[in-house]
Amino acid sequence: MVRGGVAILDFGSQYNQLIARRIREMGVYCELIPGNVPLSEVLRIEPAAIILSGGPSSVYDTDSPHPDPAVFRIELPILGICYGMQLLALHENGKVEGGYEREYGPARLFFEKDVGIFNDIESGLQAWMSHGDRVVEVPRGYSAIAHTESLPIAAMADVTRRRYGVQFHPEVNHTEFGEKLLRNFVFGISGISPDWSMKTFRTESINTVRNELAGGGNVILGLSGGVDSSVVAALLHEAVPQRFTPIFVDNGLLRMGEREEVIETFRGHFGMPLKVIDGSDEFLSALSGVTDPERKRKIIGRVFIELFEKAASEIDNVTHLAQGTLYPDVIESISVRGPSATIKSHHNVGGLPQRMNLKLLEPLRELFKDEVRELGRELGLPERMVSRHPFPGPGLAVRILGNINHEDLDILRKADRIFIDYLVENDLYDEIWQAFAVLLPVRTVGVMGDERTYDRVIALRAVTSTDGMTADWYRMPPEHLARISSSIVNRVNGISRVVYDISTKPPGTIEWE
């Protein structure tokens, strides 16, 4: 077996992150790299194999992305997926044609022998198609190794040079043998050793942080209490405990008991020099009368910067600012497609390192969310913190639709706590990616006892997801919804009605604002 990882050249497919996740899950390091960069950038990670991803373009479009031609001259195994197979065929002097009816969905894949990538895979299993163009003539040295009922060349191979192309998407769950095919390419064909784990990542990251700060200086972190910033804090505390200070800004928009839990975990359990800033009055004053969600986010970002800068100025010789940037954020910013349209302002405050004249430290920028949780366990974070659901930077401000005040915050905190506690107590919490309550800006008629009421409405939201980029509503059993609703209405003054959100993302978002 050889050391090294996989360079995935990104040509814009919606499934590209899945390729990376599948390979990471095998214990093999990989990176998504824009597909049209020079070969030197591809070789930066010293790959042992290359994957050409799918993409929405036609290889003949004038603006379609193509790899550096030098990619095809190096002696590394290559796997082309969908658009990547078409690129492989075109650049190796095969023939690709368009004008066919787009094929999208399941198809049965047939092959005569289990060559290379099809080792130990049964012919006739389902593959997932998503393409318009197709390879109609394989390059010299290649042979067609698979077909469907409607597609004569569904896969091709040059076994001697270890180059393969598949017109389907092995990375999606709909391809029944997809994981096995990828394993065949990574281990059987490329001979890569599965030596990448959170234990090795932890060691390498600690060494990287220490080297970065070898010249002196201290590092600070805006600690929110969420998974990402908590894992960064634990990593930095282990790497440079005497030169790291986490700063926790209480914006008055937190969930019930959150401030106390953060203090207990990081100051009490880890012994970190946690700096706590109570900014609730400043945030709520600035938000008074504001109902537009984008204005809320911008105000929260501005006040956070002001308080954070003030706290940081009281710490000597600060040279670095740490952030919990994750790999999906990095992929989105460097994709061959370019940054996507802004749906809503992100809670991470851009420009802060430059404004404070600090270097940026992002130790988690190579990890997916599930890998961050695994690293947190490796670093000794409590399970309740590692497995907690995501929480937005603006906090409850984007879960109270309309104006924000102390009374509504108190109502929402109580309802949200009842909801989450019920999920935990009934072993439902870990089945859900994110769950929370939303306070709606409407009042409805109700009856409590013999009296007519005119109180507020709480919406409950629970979704399943892998990484938050897409999400489906959680099919909560009706008996659980009934108990949660009854508990909220009976225990939270001011609430007379509870509804359940059954929207998916897209077209909706996970948060309501």
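How are α5 and α6 oriented to each other? The two helices are roughly perpendicular, a class that covers angles of 65 to 115 degrees, whereas angles under 35 degrees count as roughly parallel, over 145 as roughly antiparallel and the rest as oblique. The structure is a predicted model, in which local features need pLDDT of at least 70 and side-chain atom pairs count only at pLDDT 80 or more, while totals for chains, interfaces and linings use all residues. Residues are numbered from 1 along each chain as its sequence is written, and side-chain values use heavy atoms, with hydrogens and water left out.

Helices (H or I, at least four residues) and strands (E, at least two) are DSSP runs numbered from the N terminus. Axes are lines fitted to C-alpha atoms, for helices over the stretch in contact, and angles run from 0 to 180 degrees between N-to-C directions. The axes of α5 and α6 (residues 227-239) cross at roughly 65° and come within 9 Å. This crossing is right-handed; a crossing has that hand if the near helix is turned clockwise from the far one by less than a right angle, and is left-handed if anticlockwise. On the α5 side, the contact is made by R202, S205, I206, V209 and R210, and on the α6 side by L235, L236, E238 and A239, contact meaning heavy atoms within 4.5 Å. By class, five of these residues are nonpolar, one is polar and three are charged. Here Ala, Val, Leu, Ile, Met, Phe, Trp, Tyr, Cys and Pro count as nonpolar, Asp, Glu, Lys and Arg as charged, and the others, Gly among them, as polar.

Helix α5 (residues 198-212) also packs against helix α12 (residues 369-378), at an angle of about 75° and with the axes 9 Å apart. The pair α5 and α12 is therefore roughly perpendicular. M198, K199, F201 and R202 of α5 meet E371, E374, L375 and E378 of α12 in this contact. Its residues comprise three nonpolar, no polar and five charged.

The crossing of α6 and α12 is left-handed. V227, D228 and V231 of α6 form the contact with K369, V372, R373, L375 and G376 of α12. The division by class is four nonpolar, one polar and three charged.

Two further helices were examined for length and burial. Helix α4 (residues 178-189) has 12 residues, which should span 16 Å at 1.5 Å a residue, and its end C-alpha atoms are 15 Å apart, in agreement with that value. The expected span is 1.5 Å times one less than the number of residues. In α4, the buried residues are G178, L181, L182, N184, F185, V186, F187 and I189, where buried means under 20% relative accessible area, exposed over 50% and partly exposed in between (1.4 Å probe, protein chains only). The elements covering them include β1 (5-10), α1 (16-25), β3 (47-52), β4 (78-81) and β11. Just after α4, G191 has a positive phi of about 65°. Helix α15 (residues 478-491) has 14 residues and reaches 20 Å from its first C-alpha to its last, close to the expected 20 Å. H480, L481, I484, S487, I488 and V489 are buried in α15.

Positive phi values also occur in residues other than glycine. R162 has a phi of about 60° and is located in the loop between β10 (155-158) and β11 (163-166). With 31% relative accessibility, R162 is partly exposed. For N317, phi is near 50°, and this residue belongs to the loop between α9 (293-312) and β15 (318-322). N317 is exposed, at a relative accessible area of 51%.

Cis peptide bonds are found from K505 to P506, with omega near -15°, and between P506 and P507, with omega about 10°. Another proline, P69, is in the loop between β3 and β4 and is partly exposed, with a relative accessible area of 47%. The C-alpha atoms of P69 and A48 are separated by 18 Å, with the two residues 21 apart along the chain.
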